[in-house]
Amino acid sequence: MKPGTSSVIELSAEVEEGWHVYGLMQLPGGPTPLRVTLDTDEVAKIAGAPTGNPPVKKHDAAFDLDTESI
């Protein structure tokens, strides 16, 4: 790739049956939301907000509040 040009890198993952990850937004006191980070450098930068499948909202007894999971 030539200097000054751009490229899109897409990150995807599958969660095994019986497991889940918590969504990007959670209420205070709830579970740790999913985080994907990119170190700051001259080669790559984040160009927009993360996107993904819509989260499923349900009551989580472990936190005694409604959570979002993917």
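## Briefing: a hairpin and its salt bridge

Val43 sits in the segment before S1, where strands (E, at least two residues) and helices (H or I, at least four) are DSSP runs numbered from the N terminus. This is a predicted model, so local features need pLDDT of at least 70 and side-chain atom pairs count only at pLDDT 80 or more, while totals for chains, interfaces and linings use all residues. Numbering runs from 1 along each chain as its sequence is written, and side-chain values use heavy atoms, with hydrogens and water left out.

**Val43 and its distance to Thr67**

- Val43 is exposed, at a relative accessible area of 80%; for this label, exposed means over 50%, buried under 20% and partly exposed in between, with a 1.4 Å probe and protein chains only.
- From Val43 to Thr67 you go 24 residues along the sequence and 36 Å through space, C-alpha to C-alpha.

**The hairpin**

- S1 and S2 pair up in the antiparallel sense, over five bridges; strands count as paired if DSSP finds at least two bridges between them.
- Together S1 and S2 make a hairpin with four residues between them.
- Across the pairing, His59 stands opposite Asp66 in S2.
- Asp64 lies in the loop between S1 and S2, and this residue is exposed, with a relative accessible area of 61%.
- If you're checking backbone angles, look at Asp64: its phi is near 50°, a positive value in a residue other than glycine.
- S2 is largely enclosed by the rest of the structure, because four of its five residues are buried.

**The salt bridge**

- How many salt bridges does the structure hold? There is one, counting a side-chain nitrogen of Lys or Arg within 4 Å of a carboxyl oxygen of Asp or Glu.
- The partners are Glu68 and Lys57, whose closest N and O atoms are 3.7 Å apart.
- Glu68 belongs to S2 (residues 65-69) and Lys57 to S1 (residues 56-60), so the pair ties together parts that are 11 residues apart in sequence.
- As background, side chains of opposite charge can pair when their charged atoms come close.

- Asp60 is in strand S1.
- Though buried, Asp60 has no salt bridge, and the nearest side chain of opposite charge is Lys58, 6.8 Å away; here Lys and Arg count as positive and Asp and Glu as negative, with His and the chain ends not counted.
- Leaving out residues up to four places away in sequence, Asp60 touches Tyr22, Leu65 and Thr67, where contact means heavy atoms within 4.5 Å.

**A nonpolar patch**

- Leu11, Leu24, Met25, Leu34, Val36 and Ile70 make a nonpolar surface patch of about 580 Å².
- Patch members have over 30% relative accessible area and no salt bridge; nonpolar side chains (Val, Leu, Ile, Met, Phe, Trp, Tyr) are joined within 5 Å and like charges within 9 Å.
- The areas come from the Shrake-Rupley method with a 1.4 Å probe, and for residues only the protein chains shown count as cover.
- Leu34, one of the patch members, is in the segment before S1 and counts as partly exposed at 31% relative accessibility.
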